[in-house]
Amino acid sequence: MIDTNLSLETANKLCKGNMCEHLGIELTAVGAKSLAGKMPVDNRTRQPMGLLHGGASVVLAETLGSIAANLCVDSAKQYCVGLEVNANHLKSVKEGYVYGIAEAVHLGKKTQVWQIRISNEDEQLVCISRLTVAVIDKKVD
């Protein structure tokens, strides 16, 4: 379960100084088993044909799922890393924002599975993705 006392301000600090910040990803809601965010569709996230790049959708999906996964473990003892991500791109987007929500499907001791739904501003499904992460024990010195 995600600590729902976590502020969005604190959660968004995880997005500073990395690809999230570069692509303009912002976390927008924290739930007990979900994490939501948004990403602009602009020159950073479009492919040469002027449409949202599928890779940018995958970055948003993996970002939301990975951060959510790490918020479900004791960070002093464990961390999560991606094992597999897949995505089905269902609708094109040319401008505005896309909105993603990662929801826990399985929160196990050694693996977690997250489903990430990405929608456009009209709440139409743009991409559906699944992320599997490994839960790794930190080495004790």
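These points walk through the sheet, the core and a few single residues of a predicted model.

1. Ground rules. The model is predicted, so local features need pLDDT of at least 70 and side-chain atom pairs count only at pLDDT 80 or more, while totals for chains, interfaces and linings use all residues. Residues are numbered from 1 along each chain as its sequence is written, and side-chain values use heavy atoms, without hydrogens or water.

2. The sheet. Six strands form an open sheet. Their order is β1-β2-β4-β5-β6-β3, and the pairing is antiparallel. Helices (H or I, at least four residues) and strands (E, at least two) are DSSP runs, numbered from the N terminus. Two strands pair if DSSP finds at least two bridges between them. β1 (26-30) and β3 (78-89) are the edge strands, each pairing on one side only. On average, neighbouring strands are turned by 25° against each other, direction ignored. Here axes are lines fitted to C-alpha atoms, for helices over the stretch in contact, and angles run from 0 to 180 degrees between N-to-C directions.

3. Strand pairings. β2 and β4 run antiparallel and are joined by eight bridges. Ser 34 has Glu 103 in β4 as its bridge partner. Eight bridges also link β4 with β5, in the antiparallel sense. Ile 101 is bridged to Arg 117 in β5. A hairpin of three residues connects β4 to β5. β3 and β6 pair over 11 bridges, again antiparallel. Glu 84 has Thr 132 of β6 as its bridge partner.

4. The core. A nonpolar core is a set of buried Ala, Val, Leu, Ile, Met, Phe, Trp, Tyr and Cys residues joined through side-chain atoms within 4.5 Å. The largest one has 32 residues. Met 39, Leu 52, Val 98, Trp 114, Ile 116 and Ile 118 have the most contacts inside it. α2 (19-23), β2 (34-41), α3 (54-71), β4 (96-107), β5 (111-119) and β6 (125-137) each supply at least two of its residues. α3 gives the most, with seven residues.

5. Ile 116 close up. Which residues is Ile 116 in contact with, leaving aside its neighbours within four places in sequence? They are Ala 61, Leu 64, Gly 65, Ile 101, Ala 102, Cys 127, Ile 128, Ser 129 and Leu 131. Contact means heavy atoms within 4.5 Å.

6. Two buried threonines. Buried means under 20% relative accessible area, exposed over 50%, partly exposed in between (1.4 Å probe, protein chains only). Thr 45 sits in the loop between β2 and α3. Thr 45 counts as buried because its relative accessibility is 1%. Beyond its neighbours within four places in sequence, its contacts include Leu 23, Met 39, Leu 52 and His 53. Thr 63 lies in helix α3. Thr 63 is buried too, at 10%. Leaving aside neighbours within four places, Thr 63 is in contact with Cys 20 and Ile 25.

7. Tyrosines. The structure holds one aromatic pair. Tyr 97 and Tyr 99 form this tilted pair, 6.3 Å centre to centre and 35° between the planes. Rings of Phe, Tyr and Trp (its six-membered ring) pair if their centres lie within 6.5 Å; planes under 30 degrees apart count as stacked, over 60 as edge-to-face and the rest as tilted. Tyr 97 is partly exposed at 31%, and Tyr 99 is partly exposed at 33%.

8. A residue to check. Phi of Glu 123 is near 65°, a positive value in a residue other than glycine. Most residues other than glycine have a negative phi. Glu 123 is in the loop between β5 and β6. Glu 123 is exposed, with a relative accessible area of 73%.
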